[in-house]
Amino acid sequence: MQAFNYVAMDNSGKEYRGVINAQNQAAAIAEIKKNNLFPTQVTPVGAGRTGAARKSGMNMEIKLPSFLKPRVKPKNLMVLTRQLATLVDSGLPLLRGLRILAKQEKNATLKDALNGMSEAVEGGATFSESLALYPKIFNNLYVNMVKAGEAGGVLETVLNRLAEFLEKAEKIKNKVKSAMTYPIVVMCVAIGITGFLMATVIPQFEKVFSDLMEGKSMPALTQFVINVSKNFTTQLPVVVVGVILIVIVIRLWYRTSTGRYYIDMVKLRSPIFGALVLKGSISRSTRTLGTLMSSGVPVLQALNIVRDTAGNAVIAKVFQSIHDSVKEGDNMTPSMERSKIFPAMVVSMVDVGEETGALPDMLARVANTYDDEVDAAVDAMTSIIEPLLIVFLAVVVGTIVIAMFQPLVSIIGGLSTT
């Protein structure tokens, strides 16, 4: 018999910790389940990085420092889910599929997780329970959808839905990244050119002009640019330190519930990016909720998962309000309407879905609509930002050039009159 430390949750979400004696990890999991608890961590007492700890992906997850472990990217998880869905859909047993994927997986963290999940499933644990042993890789959405698929006997269907969900989310993310690449490059070039001119070129011109002007005052624009250059070179360290401190303070404040709420509110109300953030949040949350409900996850549990995976504190608070209303026997529509966050079209479609009993389909349609709107918003934002950045660069460089030519014109004019 071996002692295992465990962390488990009951149906209400209350956490329990303790020690249990069992022959192996799988037996410990089975024993914990007999007490109507859902284990989230089961580790041998005093296990190090040798022996059994090497064989358990979960132990590697806990023992190794996070900076030493390769991160599992969303793309890795998306590919894994699609491959597993294909294998299960073709009739291959789940355990065999996990072992095949573990052999060909190149990401060390994901490979260890697959090996650990294989051992857990072989020892009698369900697939969802084995997934729950790796919360840093598989979130609540993933685990609960698989759990619902197992309960309904449609695991292959749920895995396909998960794969489609992850693929669409990755597609939107890549779309935004690619659209913002050019504006970011232009902005970096503009800042680099301006900094170079201010730090090296303008001070040299100032020395030349001081000798040629022979004590005469320089044109106002030239003097302004020279003063900016002096402040830039002397105050740059202070500015850099100030910006770093501001970023650190904001990040620390964002870690608090109050700070996170207000910063997320600013994101939603910002003039340029606010509409894009809101549409992306609506698309992600409605798709998540629709996917969970169509997979058989109870509506209250699905709303809790959407709240935890919303990615925006304001949206999360709205879904908490919706959860509380539904728990009291009300529909989702009144709470959504009171929140003033969701557009009228979304509220109307959810209302129709609740009336007709086709809410998951309606939520999927809302998500598809807002996916298209996110694409259109990204294209529109890019088309606006690009010319603005080019004009900004032209104005900055043009102002510096004109400021440097004005003294030359004065000098040449003075020479022609003598």
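Close-up 1. E167 is partly exposed, with a relative accessible area of 29% (buried is under 20%, exposed over 50%, partly exposed in between, using a 1.4 Å probe and protein chains only). R82 is also partly exposed, at 26%. The two side chains form a salt bridge, with the closest N and O atoms 2.9 Å apart; the term covers a side-chain nitrogen of Lys or Arg within 4 Å of a carboxyl oxygen of Asp or Glu. This pair links distant parts of the chain, with E167 in helix α9 and R82 in helix α4, 85 residues apart. Helices are DSSP runs (H or I, at least four residues), numbered from the N terminus.

The model is predicted: local features need pLDDT of at least 70 and side-chain atom pairs pLDDT 80 or more, while totals for chains, interfaces and linings use all residues. Residues are numbered from 1 along each chain as its sequence is written, and side-chain values use heavy atoms, without hydrogens and water.

**Close-up 2. Salt bridge between R99 and E122.** The closest N and O atoms of R99 and E122 are 2.7 Å apart. R99 lies in helix α5 (residues 94-104) and E122 in helix α6 (residues 108-122), 23 residues apart. R99 is partly exposed, at 36% relative accessible area.

Close-up 3. The side chains of E31 and K34 meet at 3.7 Å, N to O. Both residues belong to helix α1 (residues 25-34) and sit three residues apart, about one turn of the helix. E31 is partly exposed at 34%, whereas K34 is exposed at 62%. The structure holds eight salt bridges.

Conventions:
Helix = DSSP H or I, 4+ residues; strand = E, 2+ residues; numbered from the N terminus.
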